[in-house]
Amino acid sequence: MAPAAFDAEAGGPAIVAAAGNDAHKPAPGAGADADAGAAFVLESKGTWWHAGFHLTTAIVGPTVLTLPYALRGMGWALGITTLSLIAAVTFYEYSLMSRVLDHCEARGRRHIRFRELAADVLGSGWMFYFVVIVQTAINTGVSIGSILLAADCIEIMYSSLAPDGPLKLYHFIIIVAVVLAFLSQLPSFHSLRHINLVSLLLSLGYTILVSAACIRAGLSKNAPAKDYSLSSSKSEQTFNAFLSISILASVFGNGILPEIQATLAPPAAGKMMKALVMCYSVIGFTFYLPSITGYWAFGSQVQSNVLKSLMPDSGPALAPTWLLGLAVLFVLLQLLAIGLVYSQVAYEIMEKNSADATQGKFSRRNLVPRLLLRTLYLAFCALMAAMLPFFGDIVGVVGAVGFIPLDFVLPVIMYNIALAPPRRSTLYIANTVIMVVFTGVGAIGAFASIRKLVLDAGQFKLFSNNVVD
C-alpha cells in the first residue's frame with residue numbers, strides 16, 4: 001500500500017467524482033475532506049478521443065521543428081534509426097503505464113496523479129516527492145519554453161512587418177503571458193478538449209507547410225551546400241549524439257500520462273490504448289516529414305529551429321513569405337494550447353490546496369484564488385522566459401533530466417512490480433534492459449545538455465532580444 005505521503009495526498013483511494021454541471025453546486029460526493037484538485041481540474045468526463053487530443057497536444061508540438069537539428073548530431077542512418085527506436089520505445093512505455101493504471105483501477109485504486117501512482121506501486125515515500133519535483137520541473141520548463149517560442153513567433157512576424165519597430169522580445173513575452181492568463185481560467189483539463197483538437201489540426205498544418213518550404217529551399221539556387229558530415233572530433237560527435245538523444249526524448253516525452261488518463265470517464269480500462277494509437281498516427285506524419293525534409297535541405301547547417309534556417313539573418317528567405325507567415329501563425333496558436341496543457345498539474349496542486357470542493361468551481365470562494373494563483377504562475381514563467389532565452393538548449397536539458405526518468409525508466413519499473421511478470425520472462429528482461437539503457441542515456445544526455453547550456457551561456461544577456469540557437 002501507499003506510504004503516509006500518498007495517503008495524505010489522496011485521502012485514500014483516488015476515485016473521484018466529477019464536478020456537477022451547476023457551477024454553484026458542490027462536486028457530487030464532495031465531503032469535508034474532498035480533493036478540489038481532483039474534483040475540479042482533473043474531473044473525469046472525457047472519451048478516448050478527448051484523451052487522444054490531450055495526448056497529441058502534449059507530445060506533438062513545435063519541438064518537432066528541432067528534429068532536423070537532432071538528426072544533425074547523429075547523421076542520416078543513426079538519426080533515423082534512433083528516431084524510430086525512441087518512437088517504438090515510448091509507445092511501449094506509455095502502453096505499459098496505462099496497463100498499470102488499469103491494473104490499479106481494477107483493484108479499487110484509480111490513480112489520477114503520476115505521483116500517487118508511483119508512490120503506491122513503488123511503496124516509497126521519497127518516490128512521491130521525486131515525481132513531484134521532476135513533474136514540476138518538466139511542466140514549468142515546458143511552460144517557459146512555450147511562452148518564449150510563442151513570443152519569438154510574434155517577433156518574427158513583427159520584424160518582417162516593422163523592421164525598425166520599437167518592440168522587443170520581452171514585450172511579446174508579456175503579450176503571450178496575458179493571453180495564457182486569460183485562457184488559464186478554463187477550470188479543468190477536460191475543458192481543453194476542443195482547444196486540443198484545434199491544436200492537433202494546427203500541428204498537421206504547420207508540418208505540411210514547413211516540410212514544403214524545406215523541399216523548396218533544398219531545390220533553390222540559394223540553398224546552402226548539402227553537407228551531412230559530422231564533427232571531426234570523436235568526443236564532440238559523442239556529446240552531439242547524446243544531446244540529440246536528449247532532444248528526441250523531450251520531443252516524445254510528456255510526463256503527464258496519468259493525469260491525461262484521469263480525464264477519462266470511468267471505467268478507463270482500455271480507452272487509453274485507443275488514444276495512444278490516435279496520437280502515434282499523428283506522430284508518424286508530423287515527426288518524420290519535417291525531420292527528413294529539414295535535414296535534407298540544410299544538412300549540418302540546420303539550426304535548432306528549422307524555421308530559422310528558412311529565414312536566414314542574411315540574404316532572402318528560402319520560402320514564400322505567406323507560407324512562412326502562415327506556418328509561424330499555426331505554431332504560435334498551438335503553443336498556447338501546449339502552455340495550457342502543461343500547466344494543468346501545477347493548477348491541480350494549487351486548486352487542491354486553495355479551493356473548496358464543497359462549493360461550486362465558479363463560486364467566488366474558488367474563482368478568486370484560481371484567478372490569482374494561475375496568473376501569478378504564468379507571470380513567473382514569463383519572467384523566466386524573458387531572462388533566459390535558451391530554446392534549443394532548454395529542450396535538451398528537460399529531456400535528459402525530466403522526460404527520461406518519468407517516461408522511459410519509471411513505467412517499466414512500475415509494470416515489473418505491479419503486474420509481476422516472471423523474472424526470466426522476455427517481458428521482464430526487456431523492461432529491465434530498457435530501464436538500464438535509458439538510465440545511462442539520461443545521465444550522459446544530462447551532462448551533454450548542461451555542457452551545451454554552459455557553452456551557450458556567454459552568448460546572451462538577461463532580457464536579451466534574441467533567442468539563442
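Leu326 has 30% relative accessibility, so it counts as partly exposed. The cut-offs explain the label: buried means under 20%, exposed means over 50%, and partly exposed lies in between. This value comes from a predicted model.

Leu326 is part of helix H14. Together with Trp322, Leu329 and Leu333, Leu326 makes a nonpolar surface patch. The patch covers about 380 Å².

## The chain as a whole

The chain has 18 helices and zero strands. Of its 469 residues, 57% are buried. The chain exposes about 18300 Å², and carbon and sulfur atoms supply 68% of that area.

## Helix H3

Helix H3 runs from residue 48 to residue 59. Its twelve residues should span 16 Å at 1.5 Å a residue. The end C-alpha atoms are 16 Å apart, which agrees.

Ten of the twelve residues of H3 are buried, so the helix is largely enclosed by the rest of the structure. Among the buried ones are His50, Phe53, His54, Leu55 and Ile59. What covers them? Several helices do, including H5 (76–106), H9 (193–219), H10 (234–252) and H12 (271–298). Helix H14 (321–342) is also part of the cover.

## The nonpolar cores

The largest nonpolar core has 129 residues. Ile173, Phe287, Phe298, Leu310, Tyr342 and Met414 have the most contacts inside this core. Helix H7 (residues 125–161) gives the core its largest share, 15 residues.

Tyr342 shows what such contacts look like. Leaving out residues up to four places away in sequence, Tyr342 touches Ala58, Ile138, Asn139, Val142, Ser143, Gly253, Asn254, Ile256 and Phe403. One of these, Ala58, is a buried residue of H3.

There is also a second, separate core of five residues. Ala36, Ala39, Phe40 and Ala355 are among them.

## Asn366

Is Asn366 buried or exposed? At 2% relative accessibility, Asn366 counts as buried. Asn366 lies in helix H16, which covers residues 364–387.

Neighbours within four places in sequence are set aside here. Asn366 is then in contact with Phe40, Ala355, Asp356, Gln359, Gly360 and Lys361. Phe40 and Ala355 also belong to the second core.

Notes
Residues numbered from 1 in each chain as written. Predicted model: local features only at pLDDT ≥ 70, side-chain atom pairs only at ≥ 80, totals over all residues. Heavy atoms only, no water. Helix = DSSP H or I, 4+ residues; strand = E, 2+ residues; numbered from the N terminus. Expected span 1.5 Å × (residues − 1). Buried < 20%, exposed > 50% of the residue type's maximum accessible area, 1.4 Å probe, protein only. Contact = heavy atoms within 4.5 Å. Patch = residues over 30% accessible without salt bridge, like charges linked within 9 Å, V, L, I, M, F, W, Y side chains within 5 Å. Areas by Shrake-Rupley, 256 points an atom, 1.4 Å probe, with all protein chains shown as cover. Salt bridge = Lys/Arg side-chain N within 4 Å of Asp/Glu carboxyl O. Core = buried A, V, L, I, M, F, W, Y, C linked by side-chain atoms within 4.5 Å.
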